[in-house]
Amino acid sequence: MAATLVNGINYAWGTIVIRALGSVFTGVTKIMYKDAQEMENTYGAGNFPIGRGLGKISFEGSITLYMEELVSLRSIAPFGRIQNITEFDVTVTFDTGGGKRVSDVLQGCRFMENGREVASGDTKIEVDIPLIIGGINFGVALV
């Protein structure tokens, strides 16, 4: 059964706001995050699983920023190195304007890399930065 749309509008890139380090990040072109859990079938007599073992939960993510946003981050980074910024939370809020917002909170994040890839003809510079994430709280309801 499909959920009723808020204001007749689906969630989309244009409906999100990304906050971290006390600021709204406007120079973001992509954000990706997910969690995964190790799972394994357990076997006893016969050929079919009789149960399931659950293991560690891991988190993965990245954020793609325009170079201008990255330059701003470097200005607050100890020694100008974004990997030196201590743990911070990233809040991704989805808001269709219907008064109901939902947020995902990426907890205990740090930037893992810093680099550039630029080619002839590029009209903008985007930098993809992997994140190490301590936890993800999906679907936090905000009023």
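Exposed is over 50% relative accessible area, buried is under 20%, and partly exposed is in between, with a 1.4 Å probe and protein chains only. Helices (H or I, at least four residues) and strands (E, at least two) are DSSP runs, numbered from the N terminus.

This is a predicted model, in which local features need pLDDT of at least 70 and side-chain atom pairs count only at pLDDT 80 or more, while totals for chains, interfaces and linings use all residues. Residues are numbered from 1 along each chain as its sequence is written, and side-chain values use heavy atoms, without hydrogens and water.

Which residues of H1 are buried? They are Glu69, Leu70 and Leu73. They lie on the same side of H1 because they cover an arc of only 100° around the axis, taken from the directions from the helix axis to the C-beta atoms. Their cover includes E4, E6 and E7.

Now the core. The largest nonpolar core has 25 residues, and Ile63, Val90 and Phe111 touch the most other members. Such a core is a set of buried Ala, Val, Leu, Ile, Met, Phe, Trp, Tyr and Cys residues joined through side-chain atoms within 4.5 Å. Beyond four places in sequence, Phe111 has contacts (heavy atoms within 4.5 Å) that include Ile63, Leu73 and Ile129.

Last, the strands. E5 and E6 run antiparallel and are joined by seven bridges; pairing requires at least two bridges found by DSSP. Phe88 has Cys109 in E6 as its bridge partner. E1 pairs with E5, also antiparallel, over five bridges.
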